[in-house]
Amino acid sequence: MSMGRTVSTWRDRIERRIEYWASFRRVLRLSEKNEFDRVLRSIRDRSSACGMLPTSDVFEPAVLAALVDISLRISKLEEAEEKNG
Amino acid sequence: MVEGWILDAYLDEKSEKIAIWIKEDGGEVTKHLIPWTPFLHVAGNSDDIKNLELKLKKTEYQMLYGEMIFSRENKMTSHENFSSTEVLCISLSKPSKIRQVADVISALGEWNKFEIFSVDSKPSQRFLLGNKIYPFGRIRILGTNITPLENLNTDLLEMPSLRQVIIKINSKSNLPCRNLNEEISSVTITDIGTLGVYSNDISSDIVLNFENNQDNFIEKIEEAINRIDPDVIVTHGGDSFDFPALMKIASANGQKLKIGRNKHEIKIRRRAVTTRSYGRVIRSDAYHALEGRIHIDMSTSFIGKEGGLEGICELSQISCIPAQDVSRLSPGSIISAVQIKQSIEDGVLVPWKKNRPEDIKTGTQMLISDRGGFYLDPKPGIYENVYELDFASLFPSIIATRNISPETMNCRCCKVSKHDNYRMGILPISPHKASKVIEHRQKSNQRLQLLVPEIYTHTCTKKHGFLGRVVAPIIQRRKFLKSQIKFRKDHWDKRQNVLKWLLVTCFGYTGYKNARFGRIECHEAICAWSRKMIIDAMNDAEIDGWECLHAIVDSIWLVDTRQRSAEELEISISNLINRIESKSGVQIELEDIYDWIALVPNKSTGVGSLNKYFAYGKKGWKIRGIELRQHSTCKWIQEMQINILEKLRDGLSNNGIRNSIDIFHREISRLRNNEVPLSELILARRVRYNIGEHRVLNLTAAALSREMQMGDKTFPGRKIRFVVVGRNRRNPSDRIRMESEVKSKRPSLIGQKPDFEYYHALALRASSALLSPFGISEEDIILTGSVQTTLDTWLLTSRSCE
């Protein structure tokens, strides 16, 4: 636990949850594993935003972060499609 | 009658009087013993107080602790209410017993009946404050009467003219970390002239050889010191080595070391202690105090390292603690002393022990409020033309402008909910203006609010907070000192730098459970305000066409998103600064404009690491979190990183990466061919445990055991230095060689080579830390051939990918 804090930081809490997800990841197929890692990264990349939500469960901020990432990637695809006509 | 300025003041335990050393106007330095009777205050139930008085009047107590005189006084016991309570006032004829008397009172009251006040501020500080005088201030002494001749509240505190010498004991082995078992070869006394006076008229070093002067070595030193007659003796390790070593020689000859004034010997004012701070074990050596001179041990004085003698003098005056004592205090203890000073000036008694539990919170409230400053995840990579904006003294400014203080939190008079729509009652930073505003508000009926964002607690808008009144004058003074800086590390700069540390710790102390004027709710409110302010600043920057690359608590890094010209950027940034300043009420500084910045990714996850970056800007390099900055790193790694940075400096237009990787390979082949001397591979580790207490047999434990075999010992809290020669050898103490063996070329080094695998891994990690933002992995570094890109092409390709 961090110095002087009673509540663990978001970053500590999500890393613990990711550790818990390890057995789920282990059984995924290789291609899916890579996708799963991408989801994890999309959550870690938005730690600052997730940390702003004072929820006791890390799942809700994590899902929101992953959704933002997916939406961003869809938008990029849409843009590319529009350009290509 | 004597007139002059105060050099030092302390409680003389023998006479139970305050000894003041005065530098008289004629230049002579004299000691004056002034009688002093401190008071101690006790509050409690009136019957209990009566009983206490009767008990303490008994002869056994008066015998033990000297004569005590009792009276009743009406005093304010807290900043929270203005009304005063009747307290028992005990005046002590033996000031040195104050702590013991307090312990007895506490015990007589079964540790819960009495609140005890005015116990543990330092005797010298209390004496000086009581007489309205301060260190280095001019006074007049007539008999035992003291009259101040100067007022402390002037803007421009002159530096006292202190004559300084440096004393250094040289040992035969000439190692940087010295110990008392070593043989002494000589002593060097360097006259460095008078503080603030830059003259060339300084005599050269006096070197006294021990072997040639064995019989009268100590006398010769005393003679040399008396000839120069310094006010300040600076040492680098005087508390742990130089003075103990000299005292050892003196006592072997049946002498005493008398280098104080008027032939006073060195006194130990505090024994050595080992403490813990922020998870680190720290050793404070015995305090070797001089009488009539000031002994500053620069190697252990945090303030000395940060601000030199100038910084020490500045804090000595601000806190009213003599320089010799203040140099050995942490910034936390000093800010605490400044708070005590403010409380005494307010006429509010200073509690001995804090007695305020944390407010009760629900789990959700805890989740909402127990958070620190804001960090925005950095986007790893290289960025050009980056602007860094900093909030100047953000946390202290929040304390001052949002009126945060233990007694202003959740006041009854300004109760407000998040649905109310009153105007914000932010205070100006200037303490003078703020008190005017408060005065005006107390007269008017206007309803204002200071609602803490997110947590919805509030602070008072009508009563000027205690913490704000402590911190605002320091902010103001620092701003003034900063405006006077002529060049880096001049005396203005040194003085403002130590004030920075006071401001930093002032915030931290609001959350410290034993801080007398701390309250965790203040800490939470300050953090909540800081998060709001930095997020607002980020949002404003985005509206103005900037992207926020990274933000850490009080700094943001911005890059243009609209391809604007240099002039347009300048206008935009200055508009942005104005907007943030007027919204937040806190000053913004343009820290630097970087030609480029590299934000380093986390090694295991690839996302941005917090506070790990390096940048080259108008003010040169700014490097955070990489090995180069760490004290444990060996010289070889540090130099390699410096060389790589050198190649990367103009990296955006040349073959910087390729050349950097070449440096790594060149150094590795030097290591392989044993061309890197062991002395450049010395690592430092802070010792946390005594030998035998380690749970894991790591290199530090191995070093301690080797050191023990050699008859040495490094105490927990100190650093141990060694070279790794065979990490996997069976015998732990054979895995490493100590710095002393390397430096004195002992036979134990014959045939020893650095552990190639170990140092190779260190070098790879260190180069990868610098190259990873460019997208270069450890494999890329090892397989140099596969990397053909220059920075230019890399930037082009990485951008086209986005």
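The model is predicted. Chain B contains 23 helices and 30 strands. Its radius of gyration is 30 Å, close to the 28 Å that the globule rule gives for 802 residues, so chain B is as compact as a globular protein of that length. Along the principal axes, the C-alpha atoms of chain B occupy a box of roughly 90 × 85 × 55 Å. Of the 802 residues, 41% count as buried. When contacts in chain B between residues at least 6 apart in sequence are considered, 66% of them join residues at least 24 apart.

Within chain B, an open sheet is formed by 7 strands in the order β19-β23-β24-β20-β25-β26-β27, with antiparallel pairing. At its edges stand β19 and β27 (620–624) of chain B, each of which pairs on one side only. Helix α15 (residues 520–543) of chain B lies across β19, β20, β23 (546–552) and β24 of chain B, and runs at about 160° to β23(B).

The interface remains to be described. In it, 16 residues of chain B are in contact with 13 residues of chain A. On the chain B side, the elements giving two or more residues are α10 (363–369) and β19 (375–376) of chain B. The largest share, 5 residues, comes from α10(B).

Methods
Residues are numbered from 1 along each chain as its sequence is written. Chains are lettered from A and ligands numbered from 1 in the order in which they are written. This is a predicted model: local features need pLDDT of at least 70, side-chain atom pairs count only at pLDDT 80 or more; totals for chains, interfaces and linings use all residues. Two residues are in contact if their C-beta atoms, placed from the backbone, lie within 7 Å. Helices (H or I, at least four residues) and strands (E, at least two) are DSSP runs, numbered from the N terminus. Two strands pair if DSSP finds at least two bridges between them. Axes are lines fitted to C-alpha atoms, for helices over the stretch in contact, and angles run from 0 to 180 degrees between N-to-C directions. The radius of gyration is taken over C-alpha atoms; the globule rule is 2.2 Å times the number of residues to the power 0.38. A residue is buried if 20 or more other C-beta atoms lie within 10 Å of its own, exposed if 12 or fewer, and partly exposed in between; C-beta atoms are placed from the backbone.
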